[in-house]
Amino acid sequence: MLSKVFATIAVVITGGLLLYGVMDFPAFGDPHSPPNAGVKGGGESISQYFITQTYRDTKVPNIVTAVLADYRGYDTMFETVVIFAAGMAIFAILRVVGDNNDPTKKELSSDDALSQKGDHNRIIIGTTCRIIIPIVQLFGLYVVAHGHHSPGGGFQGGVLLGSSFILLALSQNLNAALRRFSEKNYFTLAATGILIYAGFGVACQILEKNFLDYGVLQKVLFTDGPEMARSHSMLGVEVGVAFTVTAIMFSIYANLSSRGTLKDGL
Amino acid sequence: MVEFFEQHFNFWIYVILMMIGLWAVIAKNNLIKKLIGLSIFQTAIILFYVSLGVKENSTIPILDHHAPAAEVSADPHHNDEPSETGNHGELHPKAGHENDHHADAHVGAHAVEPDTMANPLPHVLMLTAIVVGVATLGVALALAQLIYKEFGTLEENEVLEIIKGGEAND
């Protein structure tokens, strides 16, 4: 109880200091605030540069994707590596190979477990998900493939694709999802995604430019100019990101829901 | 004072959300509740960043390069480029743009005024922060599962007692 009093005091002090700091913040929605327009006398801010120059530099209309995959390419690559490392960490923490370590494991085949839950639930949920899952996957692929022209990109599309497999595992059971997307396949896919991303960087180095400097790839992509090469490379990089995110999202669900056994699930 | 609050209410909301999250992380005894607090804290930070990029009467930071120029720009000089679909290869350097504050701000058939688009930078930063947040939350949940498997409880004080008891026995 005493600890809660101290926690409240600490939180109130922190919040009070932050609320005091709010007084110096720009008004909500002010287009000339320092984050949006830079400080006075500091010249053009970097976000203004992105808005006005991105299309000239990269031919990508979606400024967010262009900044993500090109200007901040290093950052995004290692964000993808962080996601991959998280998947690996969960594998290392939870995964139990074999089934002698799980005391709650009952010798129930998946079909027995399902028939106990009642068939009427299964028909409604199963039929609905049978219709929804392909649409979700199609939309996920669209979000990835069209991510540099409309809202979307590798992370968002990857999460959509991963969630479609999670929906399959929820509506039927984990084994049904794992039959279509096995552990071997999803970790291969996750590693492939990072290799695609890094491959674009190394390809630029082979063509004697800096890592992830996509403009030089016009020699191999046969585009009209370095700008279009950047646009196409961004699509490739986003596909790599989508691979990793899809695989890792599903692997996180599969490991967490089955306590690392990859059997039965929830 | 009322005007000040109207202009800054968003920051007040984030500070209050952040205080809720911080309080849960410090004061709650259950590890899952601590994780929920951490997620609330993270949400407050994400909302804070995104709200910094908001500009009044602005649109999403995606250029409408397929649209006919007349729709996006009231400037009559650019009606000669109805569509440039499939013709991305050429730049469109056009001189003589009256209300062009940024000399080479031409995007396809029309110029972009930075004030008409939301700041893309916070969106980029938070986009990756959200996905990495999900991945790290997954790792935290995995650790919580391992702790539950090992100690049979998720209450922090009970786990600490078991650890201390184990040391005493050694």
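In the predicted model, A:Asp70 is buried, with a relative accessible area of 11%; buried denotes under 20% relative accessible area, exposed over 50%, and partly exposed the range in between, computed with a 1.4 Å probe on protein chains only. The side chain of A:Asp70 meets that of A:Arg230 in a salt bridge of 3.0 Å, N to O, a salt bridge being a side-chain nitrogen of Lys or Arg within 4 Å of a carboxyl oxygen of Asp or Glu. Because A:Asp70 lies in helix 4 (residues 63–71) of chain A and A:Arg230 in helix 12 of chain A, the pair ties together parts that are 160 residues apart in sequence. Helices (H or I, at least four residues) and strands (E, at least two) are DSSP runs, numbered from the N terminus.

A:Arg230 counts as buried at 19% relative accessibility. A second salt bridge joins the side chains of A:Arg230 and A:Asp213 (2.9 Å, N to O). Since A:Asp213 lies in the loop between helix 10 and helix 11 of chain A and A:Arg230 in helix 12 of chain A, this pair ties together parts that are 17 residues apart in sequence. Both A:Arg230 and A:Asp213 are buried. Apart from its neighbours within four places in sequence, A:Asp213 is in contact with A:Cys204 and A:Arg230, contact meaning heavy atoms within 4.5 Å. Over all chains, the whole structure holds six salt bridges. One of the salt bridges joins A:Asp57 to A:Arg56, with the closest N and O atoms 3.2 Å apart. Here A:Asp57 is buried, with a relative accessible area of 19%, whereas A:Arg56 is partly exposed, with a relative accessible area of 30%.

Aromatic rings were examined next. Over all chains, the structure holds 18 aromatic pairs; rings of Phe, Tyr and Trp (its six-membered ring) pair if their centres lie within 6.5 Å, and planes under 30 degrees apart count as stacked, over 60 as edge-to-face and the rest as tilted. A:Phe25 and B:Phe48 form an edge-to-face pair, 5.7 Å centre to centre with 70 degrees between the planes. A:Phe25 lies in the loop between helix 1 (2–22) and helix 2 (34–37) of chain A and B:Phe48 in helix 2 (residues 31–52) of chain B, so the pair joins two chains. A:Phe25 is partly exposed at 30% relative accessibility, and B:Phe48 is partly exposed at 22%. Within chain A, A:Phe181 and A:Phe250 form a stacked pair, 5.6 Å centre to centre with 20 degrees between the planes. Both A:Phe181 and A:Phe250 are buried. Ring pairs link A:Phe91, A:Phe165, A:Phe181, A:Tyr186, A:Phe187 and A:Phe250 into a cluster.

The contact between the chains takes 62 residues from chain B and 60 residues from chain A. Chain B and chain A bury about 5,700 Å² between them, 74% of it on carbon and sulfur atoms; buried area is the accessible area (1.4 Å probe) that two parts lose on being put together, summed over both. Zero salt bridges are found across this interface.

Residues are numbered from 1 along each chain as its sequence is written, and chains are lettered from A and ligands numbered from 1 in the order in which they are written. In this predicted model, local features need pLDDT of at least 70, side-chain atom pairs count only at pLDDT 80 or more, and totals for chains, interfaces and linings use all residues, while side-chain values use heavy atoms, with hydrogens and water left out.
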